[in-house]
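Hi,

Here is the structure I said I would pass on.

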Amino acid sequence: MGTSGAGAFQEGPGADPMSERIAPDAPLATGLVRLAASARWFPGRSRSWRPGPVDLLPWLRRPSAGSPGLRSAVLHIDYGDGDTERYHIPLSYRDEGTHPDPIARVDGWEVAEAVDDPGAMTALLECLAEAAPGLIPIGGEPPRGLPPRRYRGEQSNTSVFFGDALIAKIFRRLKPGRNLDVELHEVLADSGAVAALRGTWSHDGVDLGVFLEALPDPRDGFVVACDAARDGSRFDTEAQALGSQLAVIHALLGKRLPTGSTDGDSLAAVLRRRFDAACTEAPVLERFRTPVTEVFSAVEGLAIPTQRIHGDCHLGQALLTRGHWRYVDFEGEPLKTLDERRQPDSPWRDVAGMLRSFDYATHLGGGSEAWRTAARAAFLEGFGSIDDPGRLLLRAYEIDKAVYEVVYESRNRPDLVPVPVVCLTRIEH
């Protein structure tokens, strides 16, 4: 992402007069940099970077004796290649001696990350109920007085539960314009395949967070699948339901958002270019060049309908809640630009992502080949019939995904490189 964006995060004409910009060496700014450097939501630590300025957005609630203040900071990160990213950090301001581990002390107040302050999160929910500037409740006024609890799992954003009724998803890396997760939850609100949208949080056209129905007793789809693979339990019913829900999502996205088309020649050329680039970084791929390019060439000449899709579809993007599946996290593949993620694509890409996820569940759960084959077949049955062009496309997208996985695992989890390599080995036979 470049430096362009909404006016509230820029200097000069058009900047929000209620926002405040502080220099990178200010005490609060240096505290935010220390926080970001160790945070799961900041992936830039592996690159050459330096902190830029910090924008303090307008107060949602000013601090007073015994009551936390609440406002957001936007931390600019500049990279050696000229790229700039912006990260959202909600802040809690309290009396001195109140925060156990403050980021900084500013104007007589201790400042800490708001997601770790239950009182500040309670204030955020009250601001939503009051429709404070930038906060829009949806589906009626949200309940007040619910105890907040930060989710401590691995996330690129930050989730805070309010009792068992509501979840606030706070976006960390900011992009200009609408957040895809907010946009697609709005489109799919009545589908029964996603959590209900309960509110939005934005500033000057940039989404800062979203409030969603908290699904009761949620179980991560990947964990459920791994457990079943480990126990040798049948996963057919769950996999079929997952396929059916994804089909519902695709049908509504195709009906309610713009569609398009592409041709197989163009797709094959893109897939081959990606494979060539991947071989440069992961030489193990070179041995598969002939069978992989044959799979990609098989889609040439096809007319391919395209539409909006999930974009990063795998078992971890689905929650099993009291016997029903709901899909989550519609922000798309993290390594793609926002424009790329918003472009219409083939639904078979989502299907391929889920099929690859079954392979990972089989490997990490220690499941059998029979378990893997049955789960994949049940998912495809739930999704719907596949014609011959669909089979060719699905195979090409699954191989493309496996190539991507080889590169990703080589960078991050070398012990898992064999999982996508086994997928590529199958096409040699």
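On the domain 1 side, Leu180, Leu184 and Ala193 supply 33% of the area buried against domain 2, more than any other three residues. The domain assignment puts domain 1 at 20–213 and domain 2 at 219–426, with bounds that come from an automatic or database assignment. Their centres, taken over C-alpha atoms, are 31 Å apart. The contact (heavy atoms within 4.5 Å) takes 19 residues from domain 1 and 18 residues from domain 2.

Before you go further: this is a predicted model, where local features need pLDDT of at least 70, side-chain atom pairs count only at pLDDT 80 or more, and totals for chains, interfaces and linings use all residues. Residues are numbered from 1 along each chain as its sequence is written, and side-chain values use heavy atoms, with hydrogens and water left out.

Now the strands. Helices (H or I, at least four residues) and strands (E, at least two) are DSSP runs numbered from the N terminus, and two strands pair if DSSP finds at least two bridges between them.

There is an open, antiparallel sheet of six strands in the order 7-12-13-10-9-8. Strand 7 (135–137) and strand 8 (148–150) are at the edges with a single partner strand each, so one side of each has no neighbour in the sheet. Neighbouring strands are turned by 20° against each other on average, direction ignored. For angles, axes are lines fitted to C-alpha atoms (for helices over the stretch in contact), and values run from 0 to 180 degrees between N-to-C directions. Strand 8 pairs with strand 9 (residues 158–162) over three antiparallel bridges, and Arg150 sits opposite Val160 in strand 9. Helix 2 (residues 118–129) lies across this sheet's strands, including strand 7, to which it runs at about 65°.

Strand 6 (residues 109–113) has partners of its own. Strand 4 (residues 84–95) pairs with strand 6 in the antiparallel sense over five bridges, with Glu113 as the bridge partner of Leu91. Strand 5 (residues 104–106) is joined to strand 6 by three bridges, also antiparallel, and Ala104 has Val111 as its partner. The hairpin of strand 5 and strand 6 has two residues between the strands, and Asp107 takes a positive phi near 55° there.

Three bridges join strand 14 to strand 17 (residues 318–321), with Pro218 opposite Thr321.

Last, helix 9 (residues 347–365): 17 of its 19 residues are buried, so the rest of the structure largely encloses it. Gly366, with a positive phi near 70°, follows helix 9.

Cheers

Terms used: Buried means under 20% relative accessible area, exposed over 50%, partly exposed in between (1.4 Å probe, protein chains only). Buried area is the accessible area (1.4 Å probe) that two parts lose on being put together, summed over both.
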